[in-house]
Amino acid sequence: MKTLSDYRVLTLGVALGSALCVSPAQANLQLMSEVDARAAEQFQAASFNQWLGEFRRYAASQGISEATLSQAVDGLRYRERVIELDRYQPEFVRPIWEYLDSAVSDARVRNGREKLAEHRQTAAQMEQRFGVPAEVIVAIWGIESNYGSNFGDFSTLEALATLAYDGRRRDFARGELLAALRIIDEGDISADQMKGSWAGAMGHTQFIPSSFEAYAVDGDGNGRRDIWGSIPDVMASTANYLAKANWRAGEPWGREVTLPGGFDYAQTERRSTREWASQGVRAVSGELPQFDSAAIIVPAGAQGPAFLVGPNFRSILRYNNATSYALAVGTLSDAIAGRDGVQNAWPRSEAPLTRDDVRTLQQRLNARGYAVGTPDGIMGPNTQSGLRAFQRDQGLTPDGFATQSLLERLR
């Protein structure tokens with residue numbers, strides 16, 4: 001039995017079909033599809049608003065003031081774009097040299113030197129206070145937001161609320177949303193000024209709210225911690241983060257090195273510089289830095305550059321736990337300070353693997369008894385360990401670097 005609304009849709013469909021020179025049936029399908037989409041949007045909004053009401057009551061029970069709840073929670077919108085970005089996975093696994101080409105570009109080095117010159121006194125004060133070199137502070141600023149030119153214009157509250165309602169890590173986002181409300185409640189920033197990335201990272205150096213609570217510092221002495229508008233606060237907070245991550249004053253992050261013939265790439269233990277030197281490890285230029293605990297990394301395998309990395313490299317990893325990120329911060333800071341960049345060539349002729357390629361690699365390794373865990377398309381430490389074991393058994397250099405030729409051999 002058709003309702004009056006159904007007949008209105010059919011009548012409108014006939015008129016729309018005449019106007020667009022398509023059949024009434026086609027027009028009705030198009031119109032009904034649009035009606036369904038609007039209905040889905042209305043349902044989503046209603047469901048999100050119900051969730052938001054429940055979260056509001058929870059936040060109040062956790063001590064968030066009514067004034068902050070009214071300012072910051074009431075009227076928050078569900079952002080479909082946040083979910084699209086949260087679920088997006090690039091087809092190709094980006095080679096590290098492409099990442100570094102962008103992260104440590106000539107323009108970024110040049111702009112970093114200009115920013116350091118512009119804020120040299122502030123950077124020097126933070127270096128003195130926290131023991132973190134000025135060029136490292138500036139390098140993180142450059143990589144996180146291109147020196148403040150791109151730290152995102154998403155409402156942090158709407159982004160986190162959307163992720164807490166519908167994202168992949170809902171409990172994590174819910175905790176970050178509550179932390180964001182505490183920050184507003186304490187008067188550091190207003191709700192409308194709390195801007196950042198779709199993932200909830202905020203300000204010039206992209207702190208998530210819980211990191212802000214733990215590490216943000218009032219660098220300009222005005223009683224507020226403002227990583228959106230105060231460069232002294234940005235620099236103090238970044239340096240404090242690294243200092244709390246056990247940064248060692250006076251030590252470099254690492255050094256590019258050459259490895260001896262027959263080097264055992266399966267070594268994953270940290271050793272002192274003296275022990276690495278006894279194996280024939282040498283600095284590409286100058287002397288090896290004296291570390292009591294250092295690792296050798298070859299992020300592009302035996303055919304690419306090698307690096308001796310010490311405790312401060314691990315401190316950078318605490319900021320963002322990706323080797324490519326820590327290497328970008330280290331090499332950008334060197335370039336800003338006028339030190340040499342990476343000298344040895346990257347294996348740019350190697351074709352990148354897709355995520356499906358990596359899943360296939362993981363499946364084949366599992367099938368051959370090299371247990372690497374659930375195939376997820378991500379080259380994590382378990383996959384690299386299994387790949388090294390396979391390479392060793394095949395009489396290949398066990399560097400753990402996945403290539404198309406290795407994938408073909410596994411097939």
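**Figure 1. Helix α16 passes helix α17 in a left-handed crossing.** A crossing is left-handed if the near helix is turned anticlockwise from the far one by less than a right angle, and right-handed if clockwise. The model is predicted: local features need pLDDT of at least 70, side-chain atom pairs count only at pLDDT 80 or more, and totals for chains, interfaces and linings use all residues. Residues are numbered from 1 along each chain as its sequence is written, and side-chain values use heavy atoms, with hydrogens and water left out. Helices (H or I, at least four residues) and strands (E, at least two) are DSSP runs numbered from the N terminus. The axes of α16 and α17 come within 10 Å and cross at roughly 60°; axes are lines fitted to C-alpha atoms, for helices over the stretch in contact, with angles from 0 to 180 degrees between N-to-C directions. The two helices are therefore oblique to each other (under 35 degrees counts as roughly parallel, over 145 as roughly antiparallel, 65 to 115 as roughly perpendicular and the rest as oblique). L361, Q362 and L365 of α16 meet T383, G386, L387 and F390 of α17, where contact means heavy atoms within 4.5 Å. The residues of this contact divide into four nonpolar, three polar and no charged. Ala, Val, Leu, Ile, Met, Phe, Trp, Tyr, Cys and Pro count as nonpolar, Asp, Glu, Lys and Arg as charged, and the others, Gly among them, as polar.

**Figure 2. Helix α16 spans residues 355-367.** Its 13 residues reach 18 Å from the first C-alpha to the last, close to the 18 Å expected at 1.5 Å a residue; the expected span is 1.5 Å times one less than the number of residues. Buried residues of α16 are R355, D357, V358, T360, L361, Q362 and L365 (buried means under 20% relative accessible area, exposed over 50%, partly exposed in between; 1.4 Å probe, protein chains only). Their cover includes α17 (381-393) and α18 (404-410). After α16 comes G369, with a positive phi near 95°.

**Figure 3. Helix α5 (residues 96-103) meets helix α15 (residues 323-336).** The two axes come within 10 Å and cross at roughly 40°, which makes α5 oblique to α15. The crossing is right-handed. From α5, I96, Y99, L100 and A103 meet S324, Y325, L327, A328, T331 and L332 of α15. This contact holds eight nonpolar residues, two polar and no charged. T331 is buried, at a relative accessible area of 11%. Leaving aside residues up to four places away in sequence, T331 touches L100, V104, W253 and V342.

**Figure 4. Helix α8 (residues 134-145) also packs on α15, with axes that come within 8 Å.** The crossing angle is roughly 125°, so α8 is oblique to α15. α8 passes α15 in a right-handed crossing. E135, V136, V138, A139, I140, I143 and E144 of α8 contact Y325, A328, V329, L332, S333 and I336 of α15. By class, the residues of this contact are 10 nonpolar, one polar and two charged.

**Figure 5. Q206 and N246 have positive phi values in residues other than glycine.** Phi of Q206 is near 55°. Q206 is in the loop between β2 (195-196) and α11 (209-215) and counts as buried at 15% relative accessibility. Phi of N246 is near 70°. N246 lies in the loop between α12 (231-244) and β3 (254-258) and is exposed, with a relative accessible area of 55%.
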